[in-house]
Amino acid sequence: MQLIIYLLVLIAGMGLSVEAGLLGPLGENIGHLAATLSIFMVGSILLTLIMIFFTRPQLSLLFAQPKWLLTGGVLGPVYVVALTIATPIVGLGITMTSVLLGQIAMSLVIDHFGLLGTKKSAVDLYRILALVMITIALWLLN
């Protein structure tokens with residue numbers, strides 16, 4: 001089961017690169033914010049249809065959640081706008097490696113302190129080395 005999860009996440013990561021590759025030209029043609037809005041509109045429509053036909057949505061539970069959990073909705077558009085702006089300027093490889101570096105760095109902080117309800121996982125030399133290697137990869141790509 002764990003292998004299936006790894007493959008699913010790997011494919012999702014590949015999809016993010018494709019998305020970034022699509023967003024760059026779209027943003028240059030229609031504007032960065034309009035491109036971001038179009039991506040979220042298509043995704044929202046798709047998720048709505050999936051929820052209608054395949055799940056029993058319990059949206060009433062949404063309002064019972066702590067409000068800070070909903071702040072993740074702000075991060076998606078920020079991420080997509082950044083991709084839309086950066087990809088045509090620095091290229092897809094540098095953009096996605098920078099995203100990866102940011103993700104790993106913040107993930108280490110979140111894991112180390114057990115933030116956001118995650119289990120604590122101390123930062124060790126191997127994790128620091130991984131971060132350094134991604135930094136070197138970014139430097140080499142640049």
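Predicted model: local features only at pLDDT ≥ 70, side-chain atom pairs only at ≥ 80, totals over all residues.
Me: What makes the chain one of helices, and how many does it hold?
Reply: The chain has 5 helices and 0 strands. Read along the sequence, the pattern is α-α-α-α-α. The C-alpha trace spans about 45 × 40 × 30 Å along its principal axes.

Me: How do you know what confidence the predictor has in the chain?
Reply: The pLDDT of the chain averages 93, and 100% of the residues score at least 70. Helix 3 has the lowest confidence, at a mean of 92, and helix 5 the highest, at 97.

Me: Why is A35 called buried?
Reply: A residue counts as buried under 20% relative accessible area. A35 has a relative accessible area of 0%, and is therefore buried. A35 belongs to helix 2, residues 32-54. In the chain as a whole, 17% of the 142 residues count as buried.

Me: Which residues does A35 touch, beyond those up to four places away in sequence?
Reply: A35 touches L23, L26, G27, I30 and T84. One of these, L23, is 12 residues from A35 in sequence, and their C-alpha atoms are 6.6 Å apart in space.

Me: Why is T87 also called buried?
Reply: The cut-off for buried is under 20%. T87 has a relative accessible area of 9%, so T87 is buried. T87 is found in helix 3, residues 72-90. Leaving aside neighbours within four places in sequence, T87 is in contact with A20, G24, L92 and T95.

Me: What makes the pair formed by the side chain of T87 and the backbone oxygen of L83 a polar contact?
Reply: A polar atom of the T87 side chain lies 2.8 Å from the backbone oxygen of L83. The distance limit for a polar contact is 3.5 Å, so the pair falls within that limit.

Me: Why is L116 called exposed?
Reply: Exposed means over 50% relative accessible area. L116 has a value of 59%, and is therefore exposed. L116 is placed in the loop between helix 4 and helix 5. L116 also has a positive phi of about 60°, although it is not a glycine.

Me: Why is L141 called partly exposed?
Reply: Partly exposed covers the range between the buried cut-off of 20% and the exposed cut-off of 50%. L141 has a relative accessible area of 45%, so L141 is partly exposed. The place of L141 is in helix 5.

Me: Which residues is L141 in contact with, leaving aside neighbours within four places in sequence?
Reply: L141 is in contact with G93, I94 and T97. L141 and T97 are 44 residues apart along the chain, and their C-alpha atoms are separated by 8.5 Å. Among contacts in the chain between residues at least 6 apart in sequence, 57% join residues at least 24 apart.

Me: How do you know where the lining of the largest pocket comes from?
Reply: Helix 1 (2-30) and helix 4 (92-113) each supply at least two residues of that lining. The lining residues include V9, A12, G13, L16, M96, T97 and V99. The space in the largest pocket is about 280 Å³.

Me: What makes up the lining of the largest pocket by class?
Reply: The lining has 7 nonpolar, 4 polar and no charged residues. Y79 and L100 are among the lining residues, and Tyr and Leu count as nonpolar. S17 and Q103 also line the pocket.

Notes:
Residues numbered from 1 in each chain as written. Heavy atoms only, no water. Helix = DSSP H or I, 4+ residues; strand = E, 2+ residues; numbered from the N terminus. Buried < 20%, exposed > 50% of the residue type's maximum accessible area, 1.4 Å probe, protein only. Polar contact = N/O pair within 3.5 Å; in protein donor to acceptor, adjacent residues only side chain to side chain. Contact = heavy atoms within 4.5 Å. 1 Å grid on protein atoms, 1.4 Å probe; cavity = no way out; pocket = protein on both sides within 12 Å on 5 of 7 lines; lining within 4 Å. Points joined across faces, edges and corners; volume = space filled by probe spheres on them. pLDDT = per-residue confidence, 0-100.
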